[in-house]
Amino acid sequence: MSVSVQGHTDSENGWSMTIADRVRAEKGGSAVLPCSFTHPDTDLTLTGSVIWKNQNKDVIFKCAYHSQGELCENVIQRDGGNRFRFVGNLSNKDASIIIDGLGQEDKGSYRCRVELNIDNFGTGKGTKLEVKAAQGEVSVVNGTEGESVTLPCIFKTKNNYPLNTVTWMRKEPYQHIVTFTAQSQGNWTTVNGGNQYELIGNPEEGNASTRINQLRVSDNHTYLCQVEYRSEPDFQCLIQKETRLQVIP
């Protein structure tokens with residue numbers, strides 16, 4: 001499942017591409033930059049490249065699809081490192097990436113672009129990445145198989161924007177775990193994830209902490225908590241926090 005992208009959209013000639021307006025994450029943590037697109041109808045299998053550029057128009061990430069179902073290969077990254085990773089899926093029209101080990105040098109604007117066998121398209125506006133000072137070390141939570149544990153997610157609220165969703169993602173391999181959606185009168189509903197996950201914090205007060213029930217050893221991962229603020233018509237701000245879960249058999 002892809003990150004729900006409800007921010008800025010560029011459209012032209014049957015193409016559209018949508019990105020988050022703003023992503024706020026912490027130094028030393030990770031940030032997902034979501035990007036989704038649509039294209040004119042085609043019977044062709046999509047192949048080609050996913051490209052992300054920074055505000056200086058330098059390519060910071062590029063990978064290529066040679067056929068449907070394959071991995072995005074031939075990866076090129078800024079400085080030849082390995083902090084940038086493709087977490088989208090071309091067949092799902094998802095060109096999202098994740099940046100690990102964030103530093104102050106990573107803050108700024110990022111633009112998404114696809115260069116495919118049917119045509120090329122990109123955003124004219126970028127996602128603004130804010131890298132905030134870390135509030136201590138990345139949280140490490142210990143739990144025991146079969147029991148419950150709470151993953152903390154404490155964040156600074158943005159009172160001028162309405163809260164929309166809280167989503168938990170697993171970093172490696174990348175996967176969406178559960179999404180909670182705001183309802184009326186401060187209630188929240190679980191969109192997916194079943195009964196294993198419970199939102200026990202109050203996001204309106206800057207607390208999106210979530211309980212995992214019936215722990216399994218396979219839950220032993222690093223997770224990202226993502227809080228989404230959205231305002232009409234099309235502004236989306238994502239706050240992302242990282243937590244490490246260690247499950248003891």
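Analyst: Happy to. Keep in mind that this is a predicted model.

User: How do you know that the radius of gyration agrees with a compact globule?
Analyst: We set the value against a rule based on chain length. With 249 residues, a compact globule would come out near 18 Å, and the chain has 18 Å, so the two agree. The C-alpha atoms fill a box of roughly 50 × 40 × 40 Å along the principal axes.

User: What is the secondary structure made of?
Analyst: Strands: there are 22 of them, and zero helices. Three of the strands make an open sheet in the order E1-E2-E5, paired antiparallel.

User: Why are E1 and E5 said to stand at the edges?
Analyst: Strand E1 (8–12) and strand E5 (35–38) each have a single partner strand, so one side of each has no neighbour in the sheet. Neighbouring strands here are turned by 15° against each other on average, ignoring direction.

User: How do you know that E2 and E5 pair?
Analyst: Pairing takes at least two bridges. Strand E2 (residues 15–19) is joined to E5 by four bridges, so the pair qualifies, and the two run antiparallel.

User: Why is the pair of Trp15 and Phe121 called stacked?
Analyst: Two rings pair if their centres lie within 6.5 Å, and planes under 30 degrees apart count as stacked. Here the centres are 5.7 Å apart and the planes are at 15°, so the pair is stacked. Trp15 sits in strand E2 and Phe121 in strand E12 (residues 120–122), which puts them 106 residues apart. Both Trp15 and Phe121 are buried.

User: And what makes Tyr65 and Phe86 edge-to-face?
Analyst: That label takes planes over 60 degrees apart. The rings of Tyr65 and Phe86 have planes at 75° and centres 6.0 Å apart, so they are edge-to-face. Tyr65 lies in strand E7 (residues 59–65) and Phe86 in strand E9 (residues 84–86), so the pair ties together parts 21 residues apart in sequence.

User: Which residues form an aromatic cluster?
Analyst: Trp15, Phe37 and Phe121 form one.

How values were computed. Residues are numbered from 1 along each chain as its sequence is written. This is a predicted model: local features need pLDDT of at least 70, side-chain atom pairs count only at pLDDT 80 or more; totals for chains, interfaces and linings use all residues. Side-chain values use heavy atoms; hydrogens and water are left out. Axes are lines fitted to C-alpha atoms, for helices over the stretch in contact, and angles run from 0 to 180 degrees between N-to-C directions. Buried means under 20% relative accessible area, exposed over 50%, partly exposed in between (1.4 Å probe, protein chains only). The radius of gyration is taken over C-alpha atoms; the globule rule is 2.2 Å times the number of residues to the power 0.38.
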